[in-house]
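Please look through the sequence and the model shown here, and then read the briefing that follows, which is grouped by topic.

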Amino acid sequence: MSADSYKQFFTEADADGSGFLTLEELTTILEKKGYKEGKGKIRAMFNAVDTSGDSKVSLEEYLKAMGQVPETDHKGAAMRNCFRSFDKNGDGRVDCGELDQIFRDMGKVMDPKDLERIIQLADKDKSGTLDYEEFIAQVFGQ
């Protein structure tokens, strides 16, 4: 398919004309076009394409996923996805409980005081949690 074909598909799928696709819009158009996979697979595909994490897919995100626009910031997308995987409750912050779970998932049990200290070292706004920018600065040295 050409970039124009992908744009046409996107426009057709964007039922409300917002310039973004919602999960519901994507599911509707894929079913209309004969896509036979279940809603779980569509949701997983949607989440993978939604690199901004705003629960909607822009034309740019869609075209990148379709390979029509070169990805200029793979590192940034990987960092966002990493942060989102650590942010278990989806509030945009990583707290001590989520940090504890990260370490447990890696097979390491940390003392709660050590977890608090890790957060304190990176917590520039003194909120007691790590937001995306703090996380990236600490973990990736950005």
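What percentage of the 142 residues in the protein is made up of buried residues? Buried residues make up 30% of them, where buried means under 20% relative accessible area, exposed means over 50% and partly exposed is in between, with a 1.4 Å probe and protein chains only. This is a predicted model, in which local features need pLDDT of at least 70 and side-chain atom pairs count only at pLDDT 80 or more, while totals for chains, interfaces and linings use all residues. Residues are numbered from 1 along each chain as its sequence is written, and side-chain values use heavy atoms, with hydrogens and water left out.

**Overall layout**

- The protein has eight helices and four strands, where helices (H or I, at least four residues) and strands (E, at least two) are DSSP runs numbered from the N terminus.
- Along the sequence these elements follow the pattern α-β-α-α-β-α-α-β-α-α-β-α.
- Of the contacts in the protein with a separation of 6 or more, 41% are between residues 24 or more positions apart, a contact being heavy atoms within 4.5 Å.

**Helix pairs**

- Two packed helices are described by the angle between their axes and the distance between the axes; here axes are lines fitted to C-alpha atoms, for helices over the stretch in contact, and angles run from 0 to 180 degrees between N-to-C directions.
- The axes of helix α1 (residues 3-13) and helix α2 (residues 23-32) come within 9 Å and cross at roughly 115°, and α1 and α2 are therefore roughly perpendicular to each other; angles under 35 degrees count as roughly parallel, over 145 as roughly antiparallel, 65 to 115 as roughly perpendicular and the rest as oblique.
- The crossing of α1 and α2 is right-handed, a term for the near helix being turned clockwise from the far one by less than a right angle, with anticlockwise giving left-handed.
- Phe9, Glu12 and Ala13 of α1 make this contact with Glu25, Ile29, Leu30 and Lys32 of α2, and by class the contact has four nonpolar, no polar and three charged residues. In this scheme Ala, Val, Leu, Ile, Met, Phe, Trp, Tyr, Cys and Pro count as nonpolar, Asp, Glu, Lys and Arg as charged, and the others, Gly among them, as polar.
- The axes of α2 and α3 come within 10 Å and cross at roughly 125°, which makes α2 oblique to α3, and α2 passes α3 in a right-handed crossing.
- In that pair, Leu23, Leu26, Thr27, Leu30 and Glu31 of α2 meet Lys39, Ile42, Arg43, Met45 and Phe46 of α3, a contact with six nonpolar, one polar and three charged residues.
- The axes of α6 and α7 come within 10 Å and cross at roughly 110°, so α6 and α7 are roughly perpendicular to each other, and their crossing is right-handed.
- Cys96, Leu99, Asp100 and Phe103 in α6 meet Leu115, Glu116, Ile118 and Ile119 in α7, and this contact has six nonpolar, no polar and two charged residues.

**Helix α6 and its ends**

- Within helix α6 (residues 96-105), the residues Glu98, Leu99, Asp100, Ile102 and Phe103 are buried.
- After α6 comes glycine 107, whose phi is positive, near 85°.

**Strand β2**

- Valine 57 lies in strand β2 and counts as buried at 2% relative accessibility. Valine 57 touches, among others, Phe10, Leu21, Phe46, Val49 and Tyr62, not counting residues up to four places away in sequence.
- Valine 57 and threonine 22 are 35 residues apart in sequence and 6.6 Å apart in space, C-alpha to C-alpha.
- Serine 58 is also placed in strand β2 and, at 16% relative accessibility, counts as buried. Leaving aside residues up to four places away in sequence, serine 58 touches Phe10, Gly19 and Phe20.

- Most residues other than glycine have a negative phi.
- Serine 55, although not a glycine, has a positive phi of about 65°; serine 55 is in the loop between α3 (39-49) and β2 (57-58) and is exposed, with a relative accessible area of 54%.
- Lysine 126, although not a glycine, has a positive phi of about 60°; lysine 126 is in the loop between α7 (112-122) and β4 (130-131) and is exposed, with a relative accessible area of 66%.
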